[in-house]
Amino acid sequence: MTETLDIKITKTKHSRLAETDFSNLAFGRTFADHMFVADYADGEWKNFQIVPYGEIALSPAISALHYGQSFFEGLKAYKHSDGKVSLFRPDKNAERFNKSAERLCMPELPEEVFTQSIAALVDIDRDWIPAKPNHSLYIRPFMFATDPYLGVMPSATYKFMVLTCPVGPYFSKPLRVKIETHYTRAAEGGFGYAKAAGNYGGAMLPARKAVEEGFDQLIWTDAREHKYAEEMGSANVMFVLDGKLITPSTSENTILKGVTRDTVITLARDMGYPVEERRVSIAEVIEGAKNGKLTDAFGAGTAATIAPVGSLSQDGEEYFLSDPKTREFSNKILNTLDDIRYGNAPDTHGWNYMV
């Protein structure tokens with residue numbers, strides 16, 4: 001039996017709940033009342049606390065700021081129709097959290113610490129979970145190095161923290177997507193599979209340039225030839241091509257092993273759809289858009305869940321896809337997934353971790 005985590009809890013004296021406009025939730029800007037904090041020192045995790053959300057004091061010399069030892073995770077809590085609360089697949093996030101830690105030469109966090117700390121925080125702030133469709137409590141666990149030392153070496157001390165945000169829908173329209181063939185998100189042998197802060201920092205300039213050109217997102221291509229699809233913005237990209245769900249393989253470690261990606265693949269197989277995880281050439285995707293065999297394309301991620309692609313652009317040519325409202329596959333997957341996450345359908349895979 002897993003030992004229950006000993007967490008010191010200090011509750012806020014003034015909740016901001018009543019002051020929060022739940023009808024106007026900009027993603028990642030509204031924070032719940034509390035946060036979780038733990039320290040790593042002398043080879044162990046300690047000082048588990050839930051405290052009021054607020055600023056923390058840090059040395060300007062901490063190695064996270066200078067050498068990038070920082071990464072995060074993202075998952076969600078949902079309020080079921082009967083009022084119960086669940087986390088969706090936290091075990092998968094815990095597993096990926098430790099893969100990121102290993103790649104960045106940081107200490108792993110026991111899975112039970114990861115899950116129990118999040119569950120305890122969500123339990124205290126469960127009133128912050130919006131009880132309406134397409135809404136949830138976004139959860140951001142993260143770790144960063146805290147040694148105040150300007151030397152290029154792994155830190156000996158770290159902080160693990162968890163923040164939560166009530167959120168609504170991430171995207172409100174089908175996306176105009178540019179196929180990126182100049183900039184690179186990740187290379188073989190790098191850390192594209194980790195949720196390292198540096199991956200996202202490096203992606204901001206190409207993403208901004210795409211927005212300036214009128215696009216909403218971009219599809220990253222491989223670093224060597226720029227001929228193969230990898231990710232869409234900060235989500236996994238998935239296509240329904242010639243009746244099959246096709247998505248780039250994560251085996252080469254340039255692509256994040258998305259929890260939503262894995263969930264979509266599992267549900268697709270449950271429904272009898274053929275699934276191929278492999279290298280996906282841009283040429284076959286564009287040809288599918290031209291001849292009508294590309295019947296669906298979307299990004300799959302925690303924030304957006306399913307983000308439909310409205311059009312794909314390459315070298316100045318734009319190829320339009322069908323109206324997302326008419327797409328059989330992604331709508332069926334999204335409805336099934338929502339029914340499971342909100343407790344309206346049987347959870348046959350045991351994905352909901354009840355709080």
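Below is a working chat about the predicted model of one protein chain.

Biologist: What are the ground rules here?
Modeller: This is a predicted model, where local features need pLDDT of at least 70 and side-chain atom pairs count only at pLDDT 80 or more, while totals for chains, interfaces and linings use all residues. Residues are numbered from 1 along each chain as its sequence is written, and side-chain values use heavy atoms, with hydrogens and water left out.

Biologist: How many helices and strands does the protein chain have?
Modeller: The protein chain has seven helices and 19 strands. Helices (H or I, at least four residues) and strands (E, at least two) are DSSP runs, numbered from the N terminus.

Biologist: Why call the chain as compact as a globular protein of that length?
Modeller: Its radius of gyration is 21 Å, close to the 20 Å from the globule rule for 355 residues, so the chain is as compact as a globular protein of that length. The radius is taken over C-alpha atoms, and the rule is 2.2 Å times the number of residues to the power 0.38.

Biologist: And what does the C-alpha trace span?
Modeller: About 60 × 50 × 40 Å along the principal axes.

Biologist: How much of the chain is buried?
Modeller: Of the 355 residues, 52% count as buried. Buried means under 20% relative accessible area, exposed over 50%, and partly exposed in between (1.4 Å probe, protein chains only).

Biologist: Switching to helix α5. Is α5 mostly covered or mostly open?
Modeller: Mostly covered, since nine of its twelve residues are buried. Among them are Val259, Val264, Ile265 and Leu267.

Biologist: What should α5 span?
Modeller: Helix α5 covers residues 259–270, and at 1.5 Å a residue its twelve residues should span 16 Å; the end C-alpha atoms are 16 Å apart, which agrees. The expected span is 1.5 Å times one less than the number of residues.

Biologist: What comes just after α5?
Modeller: Gly272, which takes a positive phi of about 90°.

Biologist: Now Ser100. Where is Ser100, and is it buried or exposed?
Modeller: Ser100 sits in helix α2, residues 90–103. Ser100 is buried, with a relative accessible area of 0%.

Biologist: What is Ser100 in contact with?
Modeller: Leaving aside neighbours within four places in sequence, Ser100 is in contact with Phe71, Ala194 and Lys195. Contact means heavy atoms within 4.5 Å.

Biologist: And Pro90, which helix is that in?
Modeller: Pro90 is also in α2, and at 4% relative accessibility Pro90 counts as buried. With neighbours within four places set aside, the contacts of Pro90 include Phe114, Trp351 and Tyr353.

Biologist: How far apart are the C-alpha atoms of Pro90 and Phe114?
Modeller: They are separated by 8.3 Å, with the two residues 24 apart along the chain.
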